[in-house]
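Hi everyone, thanks for making time this morning. I'd like to walk you through one model and how its pieces pack. Have a look at it first, and then we'll go through it together.

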Amino acid sequence: MSDQQTIDAALAGDQAAWDALVTRFSGRLWSVARAHGLSAADAADVVQGTWLRLVESLHTIRDPERIGSWLLTTARREASLLSRRTRGERLVADPAAERAEPGPSRADHAVHPDPALTVLSAEEGRRLWRTVETMHEPCRSLLLLMATAPDAGVHQLAVRLGMPSGSYGPTRGRCLNRLRTMLTAQEAQP
């Protein structure tokens with residue numbers, strides 16, 4: 001069944017069509033939610049919120065063949081919003097990005113990873129964030145904001161960090177280089 005047929009069937013109230021959509025995309029939605037560092041309960045809220053947005057918007061989907069991209073983008077936004085709320089952030093995504101229709105995503109075509117690779121990736125993520133926590137300001141705050149507010153614009157991030165917009169890019173570059181150096185040094189240690 002094509003995505004168009006599945007969406008048409010779901011709109012007509014076909015439970016099997018909904019089940020097919022859920023089966024096909026739930027694993028990827030969970031991956032997106034957990035990648036934002038959310039707890040299992042918060043990740044469940046993100047996944048549920050994403051499906052709710054689909055129910056609300058299914059009749060407006062213009063390109064059914066890109067339903068996967070739409071779902072993943074929506075999950076990223078839901079996770080980002082929940083992550084900011086949990087951390088007390090009040091950043092708003094770039095309004096221009098909100099109006100843009102999501103493009104195709106490489107995650108749409110990704111194969112579910114090997115569980116061993118997932119565990120290794122999770123450990124690398126924990127090592128990364130432990131390293132970020134040891135960094136001095138403004139790098140620590142800048143890197144945390146970059147991760148928790150991926151849709152925020154440069155000006156918005158600079159204001160949140162209390163720096164001129166023109167300083168944000170060079171500071172980000174220095175912070176990323178410093179992080180890379182620290183991670184490389186850790187890997188070199190026995």
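Let's start with Leu 71, which touches Phe 25, Leu 29, Thr 50, Trp 51 and Leu 54, leaving aside residues up to four places away in sequence. By a contact I mean heavy atoms within 4.5 Å.

Before I go on, a word on where the values come from. This is a predicted model, with local features needing pLDDT of at least 70 and side-chain atom pairs counting only at pLDDT 80 or more, while totals for chains, interfaces and linings use all residues. Residues are numbered from 1 along each chain as its sequence is written, and side-chain values use heavy atoms, with hydrogens and water left out.

Now the overall picture. The chain has ten helices and zero strands, and along the sequence the pattern reads α-α-α-α-α-α-α-α-α-α. Of the 190 residues in the chain, 36% are buried. Buried stands for under 20% relative accessible area, exposed for over 50%, and partly exposed for anything in between, with a 1.4 Å probe and protein chains only. If you take contacts between residues at least 6 apart in sequence, 68% of them join residues at least 24 apart.

Back to Leu 71, then. Together with Trp 51 and Leu 54, Leu 71 is among the residues with the most contacts inside the largest nonpolar core, which has 19 residues. A nonpolar core is a set of buried Ala, Val, Leu, Ile, Met, Phe, Trp, Tyr and Cys residues joined through side-chain atoms within 4.5 Å. The largest share is from α2, with six residues. There is another core apart from this one, with 17 residues, including Leu 143, Tyr 168, Leu 179 and Leu 183.

On to the helix pairs. Two packed helices are described by the angle between their axes and the distance between the axes. The axes are lines fitted to C-alpha atoms, for helices over the stretch in contact, and the angles run from 0 to 180 degrees between N-to-C directions.

Take α2 (residues 15-35) and α3 (residues 40-57): their axes lie 9 Å apart, at an angle of about 135°. That is why α2 counts as oblique to α3. For the cut-offs, under 35 degrees is roughly parallel, over 145 roughly antiparallel, 65 to 115 roughly perpendicular, and the rest oblique. Among the residues making this contact are Trp 18, Phe 25 and Trp 30 of α2, and Val 47, Trp 51 and Leu 54 of α3. By class, the contact divides into 15 nonpolar, two polar and one charged. Nonpolar covers Ala, Val, Leu, Ile, Met, Phe, Trp, Tyr, Cys and Pro, charged covers Asp, Glu, Lys and Arg, and the others, Gly among them, are polar.

Next, α1 and α2: here the axes come within 8 Å and cross at roughly 130°, which makes α1 oblique to α2. Asp 3, Thr 6, Ala 9 and Ala 10 of α1 meet Ala 17, Trp 18, Leu 21 and Arg 24 of α2. This contact has five nonpolar, one polar and two charged residues.

Further along, α8 (residues 139-148) and α9 (residues 154-161) cross at roughly 140°, with axes that come within 11 Å, so α8 is oblique to α9. Ser 141, Leu 142 and Leu 145 in α8 meet Leu 157, Arg 160 and Leu 161 in α9.

What joins Glu 137 and Pro 138? A cis peptide bond, with omega about 5°. Pro 138 sits in the loop between α7 (115-134) and α8.

Pro 138 is also touched by Thr 171, along with Leu 142 and Met 163, again leaving aside residues up to four places away in sequence. Thr 171 belongs to α10 (residues 165-188). Is Thr 171 buried or exposed? Thr 171 is buried, at a relative accessible area of 8%.

Arg 84, in α4, counts as buried too, at 4% relative accessibility. The C-alpha atoms of Arg 84 and Thr 148 are separated by 6.4 Å, although the two are 64 residues apart along the chain.

Key: Helix = DSSP H or I, 4+ residues; strand = E, 2+ residues; numbered from the N terminus.
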